[in-house]
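Visitor: I would like to learn how to read pockets and helix packing in a model like this one. Could you walk me through it?

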Amino acid sequence: MVINREKTAKQAAKKKKAVVKKAKPRLAKHKLLKTKSAKPPHRPKLAKRAPVNPDPARAAEVYARLQHTYPDAHCALDHHNAFELLVATILSAQCTDKRVNMVTPTLFARYPDAASLAAARQEDVEEIIRSTGFFRSKTTNLIAMANALVDRHGGDVPREMEALVKLPGVGRKTANVILGNAFELNEGIVVDTHVARLSNRLGFVAQDDPVKIEAALIPLFPRHDWTMLSHLLIEHGRQICDARKPRCDACPVRDLCPSALM
């Protein structure tokens with residue numbers, strides 16, 4: 001009986017080993033098949049850039065045609081004075097102008113000037129501008145900006161680029177908006193997403209950096225056209241030269257645009 005039990009135990013152990021040995025190649029084969037059938041990682045195609053052609057004559061013709069197409073182009077942010085435009089421009093970061101215009105009437109009714117906004121409670125302003133996104137940081141910047149206006153400029157918005165960019169929440173782009181639209185001073189060119197996209201598509205630049213785009217555009221256009229240039233490019237970007245599906249068939253500058261010929 002002892003021998004039979006030992007023999008039975010040995011046979012059982014052999015069967016167990018055989019099962020394990022048979023299972024290994026099946027598992028390896030399964031893994032091999034799975035590896036072969038896996039798809040390679042997706043690599044997005046790089047967008048083609050239009051060839052750069054910074055020709056002032058072509059730039060002038062583009063400007064003239066866009067001005068004819070959009071004779072009513074203007075700043076899309078509703079405002080009555082420099083302070084309101086400054087507040088609206090700060091709110092427009094990562095937000096549409098339409099949404100900002102829905103919020104500012106209530107904001108301006110409650111805080112019509114720098115002194116009243118400087119004394120505002122953080123939570124009250126946050127509640128009004130919540131729908132514009134990043135409302136906490138925007139509120140912090142707005143109240144700090146208002147305090148800076150009161151402390152440094154007697155509550156008035158300065159007319160100098162150097163003074164504007166020192167205000168909380170104000171960069172060169174915002175300063176250009178204020179100087180050009182509130183004071184009719186052409187100190188630079190506003191470069192937003194539309195202006196950046198169209199400048200590249202039109203072959204004026206091959207840059208993504210707003211500062212470098214502005215520097216490349218300035219020599220191509222007369223100083224008195226700088227503010228209106230931004231409005232025209234923004235309007236064209238919204239109506240025709242869409243980011244995903246530009247309507248080149250309806251574009252008034254198609255024959256002047258290298259991207260349309262690519």
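Guide: Happy to! Please keep in mind that this is a predicted model. Let us start with the second largest pocket, whose lining divides into 10 nonpolar, two polar and three charged residues.

Visitor: Which residues lie nearest the centre of that second largest pocket?

Guide: Arg 201, Cys 241, Pro 246, Cys 248 and Ser 259 do, out of 15 lining residues. The volume of this pocket is about 230 Å³.

Visitor: And how much space lies in the largest pocket?

Guide: About 760 Å³. Its lining takes in 35 residues, and Ser 92, Asp 97, Lys 173, Asp 192 and Arg 238 are the closest to the centre. Two or more lining residues come from each of helix 4 (97-110), helix 9 (172-182), helix 10 (193-201) and helix 12 (226-239).

Visitor: Which helix gives the most to that lining?

Guide: Helix 12, with seven residues. By class, the lining of the largest pocket holds 12 nonpolar, 17 polar and six charged residues.

Visitor: Now for packing: at what angle do the axes of helix 10 and helix 12 cross?

Guide: They cross at roughly 85° and come within 8 Å. Angles of 65 to 115 degrees count as roughly perpendicular, so helix 10 is roughly perpendicular to helix 12.

Visitor: Which residues make the contact?

Guide: From helix 10, His 194, Val 195, Arg 197, Leu 198 and Ser 199; from helix 12, Ser 230, Leu 233, Ile 234, His 236, Gly 237 and Arg 238. Sorted by class, this contact has four nonpolar, five polar and two charged residues.

Methods. Residues numbered from 1 in each chain as written. Predicted model: local features only at pLDDT ≥ 70, side-chain atom pairs only at ≥ 80, totals over all residues. Heavy atoms only, no water. 1 Å grid on protein atoms, 1.4 Å probe; cavity = no way out; pocket = protein on both sides within 12 Å on 5 of 7 lines; lining within 4 Å. Points joined across faces, edges and corners; volume = space filled by probe spheres on them. Helix = DSSP H or I, 4+ residues; strand = E, 2+ residues; numbered from the N terminus. Nonpolar A, V, L, I, M, F, W, Y, C, P; charged D, E, K, R; others polar. Axes fitted to C-alpha atoms, helices over the stretch in contact; angles between N-to-C directions. Parallel < 35°, antiparallel > 145°, perpendicular 65-115°, else oblique. Contact = heavy atoms within 4.5 Å.
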